[in-house]
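Please work through the following exercises with the sequence and the structure at hand. Each task is followed by a solution in steps.

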Protein chains: 2
Amino acid sequence: MASSEFSAQAIRIFKALSDPTRYQMVRMLLNCNELGCVEFEKAFELSKPAMSHHYRVLENAGLLSSRKEGAYVYFRLDKERLERFLPGFDQAHL
Amino acid sequence: MASSEFSAQAIRIFKALSDPTRYQMVRMLLNCNELGCVEFEKAFELSKPAMSHHYRVLENAGLLSSRKEGAYVYFRLDKERLERFLPGFDQAHL
DNA sequence: TAGATAGTTTTAAAATTTTGGAACTATCTA
DNA sequence: TAGATAGTTCCAAAATTTTAAAACTATCTA
C-alpha cells in the first residue's frame with residue numbers, strides 16, 4: 001500500500017470515529033460478535049436515515065461489514081483493520 | 001477519570017486527527033522533539049490564521065503543548081497522552 | 001395478495017468546520 | 001523609536017457533516 005493511501009485511509013478512519021454515535025457503535029461492537037440495526041437504533045435516539053448514514057460512514061472507512069438476514073441487517077467490526085490502523089484500540093477504549 | 005469524560009476526550013482526539021493537515025502535523029512531530037510555526041507554515045500552503053486554528057484544535061485535544069521563544073512559537077507532541085488514547089500510533093503511522 | 005416492518009436513497013435544512021482578510025499584540029532589529 | 005516580522009483574534013464566506021421527512025425497495029406475515 002502506498003504511503004499516501006495509508007494516510008488517506010487513516011484519515012477516513014479518524015473521521016469515522018470522531019462522531020460520538022459512531023465511536024460508541026464501534027465500542028459496542030468490540031464486545032459482541034455482531035449487532036443489528038434494531039439494537040443500534042435502540043441505543044441511539046436518531047432517525048433511521050441518520051443511522052443509515054452512520055453505517056455507511058463506518059463501512060466506507062472499512063471498519064464495518066454487513067450481512068443481511070431477511071429484512072434485517074447485521075454489522076460486524078473488522079478487528080484486523082482496526083488493529084492495523086489503531087493498535088490497542090480495543091484495550092484503550094474498553 | 002469518568003468513563004464519559006474519557007470518551008469525550010477520545011472524540012476530541014479523533015476529530016483533531018481527522019483533518020489531513022493536523023494528521024500530518026502530528027506525524028511530523030513523531031520524528032522530532034519540537035517544531036516551530038515557521039516549519040509548519042513551510043510544510044502546508046495555508047494562511048497563518050488557518051494554521052493558528054489547527055494549532056488550537058490540537059492543543060485543545062491535549063496533543064500539543066507550546067513554548068514561546070521571543071517572537072517564535074514551538075510545539076511539542078504529548079506522546080504519553082497519544083499513547084494513552086492511541087497506543088502504538090507512532091509505530092502504525094510512521 | 002394486502003398490509004406492515006426493516007432499511008435505503010433522495011433531498012434539503014441546520015450545525016459545524018475550514019479557510020483567509022483585516023486588524024490586532026508582541027517581539028525583534030536597524 | 002520606527003518599521004518589520006511572528007503569531008493571534010475577529011469576522012465572514014465556503015465547504016462539509018449531521019439530521020430527518022418523504023418516497024422508495026425488499027421482506028415478512030396474516
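**Exercise 1: The surface near DNA strand D**

The surface near DNA strand D is made up of 12 nonpolar, six polar and three charged residues. The model is a predicted one.

Task: Determine which residues are the closest to DNA strand D and which elements supply the surface near this strand.

Solution. Begin with the residues: 21 surround DNA strand D, and the closest are Ser47(A), Gly70(A), Cys37(B), Pro49(B) and Ser52(B). Next, turn to the elements: H4 of chain A as well as helix H3 (37-43), H4 and S3 of chain B each supply at least two residues of this surface.

**Exercise 2: The relation between the chains**

Task: State which rotation superposes chain B on chain A, and how the two copies are thus related.

Solution. Chain B is superposed on chain A by a rotation of 180 degrees with 0.0 Å of shift along its axis, at an RMSD of 0.0 Å. The two copies are therefore related as by a two-fold rotation axis. Within chain B, Phe14(B) comes closest to the rotation axis, its C-alpha lying at 2.6 Å. Finally, 94% of the interface residues of chain B are also interface residues in chain A, so the copies meet through the same surface.

**Exercise 3: The largest nonpolar core**

Task: Identify which residues of the largest nonpolar core touch the most other members.

Solution. The core has 38 residues, of which Ile13(A), Leu63(A), Ile13(B) and Leu63(B) touch the most other members. Take Leu63(B) as an example: leaving aside neighbours within four places in sequence, the contacts of Leu63(B) include Ile13(B), Ala16(B), Val26(B) and Leu82(B).

Notes
Residues numbered from 1 in each chain as written. Chains lettered and ligands numbered in written order. Predicted model: local features only at pLDDT ≥ 70, side-chain atom pairs only at ≥ 80, totals over all residues. Core = buried A, V, L, I, M, F, W, Y, C linked by C-beta atoms within 7 Å. Buried ≥ 20, exposed ≤ 12 C-beta atoms within 10 Å, placed from the backbone. Contact = placed C-beta atoms within 7 Å. Near = placed C-beta within 6 Å. Helix = DSSP H or I, 4+ residues; strand = E, 2+ residues; numbered from the N terminus. Nonpolar A, V, L, I, M, F, W, Y, C, P; charged D, E, K, R; others polar. Least-squares fit on C-alpha atoms with pLDDT ≥ 70 in both.
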